[in-house]
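Here is a short briefing on one protein chain. Look over the sequence and the model first, then read the points by topic.

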Amino acid sequence: MSSKVSRRQFLNYTLMGVGGFMVSAAAMPMIRFAVDPVLATSAGADFVPTDQKADDVTDTPVRVDFTIKDRKDAWYKSDVSNTAWVYKQGDTVVALSPVCKHLGCTVNWGADDTHPDEYYCPCHGGRYEKNGKNIPGTPPTGPLDQYEVEIVDGYVHLGKTMPNQLVK
Ligand code: FES
């Protein structure tokens, strides 16, 4: 068997190589466009300012609404409204997520007349203590998440949620 490459074969190989290069050169930007926003890490400040003055926070939880500006969700940027239950434990400002650990409804402080010093979830009667601990015998299976908190120029700034650090 001859190992010689005919002129026709050489031309075929060359055209396949050039064609493959051109296809991959055209496809790379498209693949990058499709994947890049998903892989990109969110940059910038992680803490969001609120209108809540730290000095005005007491040991009774208050609802604090805040907006995350230009939240990037893959290809889209939008403002996202959020809420926290904020109170003071000693000198420390604590902020809890209102998202119920049962099926994700929103809990409210003092909303159940028979248990005024608890968070109450209206969806299935879930209840939590002030520090977010879920009350046994009610549907939620874990404590409310906690926000990272920073005090900047006297105002409460809120970061990401994390697992509750207050409940032992
Ligand atoms: S979603 Fe809160 S108790 Fe079910």
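**Open sheet 5-6-7**

Three strands make up an open sheet, ordered 5-6-7, with antiparallel pairing. Strand 5 (108–109) and strand 7 (126–128) stand at the edges with a single partner strand each, so one side of each has no neighbour in the sheet. Strands here are DSSP runs of E with at least two residues, helices are runs of H or I with at least four, and both are numbered from the N terminus. Two strands pair if DSSP finds at least two bridges between them.

This is a predicted model: local features need pLDDT of at least 70, side-chain atom pairs count only at pLDDT 80 or more, and totals for chains, interfaces and linings use all residues. Residues are numbered from 1 along each chain as its sequence is written.

**Sheet detail**

- Strand 6 (residues 119–121) pairs with strand 7 in the antiparallel sense, over three bridges.
- Within that pairing, Cys-121 stands opposite Gly-126 of strand 7.

**Chain overview**

- The chain holds one helix and nine strands.
- Read from the N terminus, the order of elements is α-β-β-β-β-β-β-β-β-β.
- The chain has 168 residues, and 20% of them count as buried. Buried means 20 or more other C-beta atoms within 10 Å of the residue's own; exposed means 12 or fewer; partly exposed lies in between; C-beta atoms are placed from the backbone.
- Among contacts with a separation of 6 or more, 43% link residues 24 or more positions apart. A contact needs C-beta atoms, placed from the backbone, within 7 Å of each other.

- Strand 2 (residues 62–73) and strand 3 are antiparallel partners over ten bridges.
- Lys-72 has Lys-77 of strand 3 as its bridge partner.
- Two residues lie between the strands in the hairpin of strand 2 and strand 3, where Ala-74 has a positive phi near 55°.
- Strand 3 and strand 4 run antiparallel and are joined by five bridges.
- Trp-85 has Leu-96 of strand 4 as its bridge partner.
- The hairpin of strand 3 and strand 4 also has two residues between the strands, and Gly-90 there takes a positive phi near 65°.

**Nonpolar core**

- The largest nonpolar core contains 19 residues. Ala-84, Trp-85, Val-86, Ala-95, Val-107 and Tyr-119 have the most contacts inside it.
- Strand 3 (76–89), strand 4 (92–96), strand 6 and strand 9 each supply at least two residues of this core.
- A nonpolar core is a set of buried Ala, Val, Leu, Ile, Met, Phe, Trp, Tyr and Cys residues joined through C-beta atoms within 7 Å.
- Beyond its neighbours within four places in sequence, Ala-95 contacts Ala-84, Trp-85, Val-86, Gln-146, Tyr-147, Val-149 and Leu-158.

**Tyr-119**

- Tyr-119 lies in strand 6. Tyr-119 counts as buried because 29 C-beta neighbours fall inside 10 Å.
- Leaving out residues up to four places away in sequence, Tyr-119 touches Trp-85, Val-107, Asn-108, Trp-109, Arg-127, Tyr-128 and Leu-144.
- Tyr-119 and Leu-144 are 25 residues apart along the chain, and their C-alpha atoms are separated by 9.7 Å.

**Asp-153**

- Asp-153 is in the loop between strand 8 (146–152) and strand 9 (155–162).
- Asp-153 is not a glycine, yet has a positive phi of about 50°. Most residues other than glycine have a negative phi.
- Asp-153 is exposed, with 8 other C-beta atoms within 10 Å.

Note on methods
Two residues are in contact if their C-beta atoms, placed from the backbone, lie within 7 Å.
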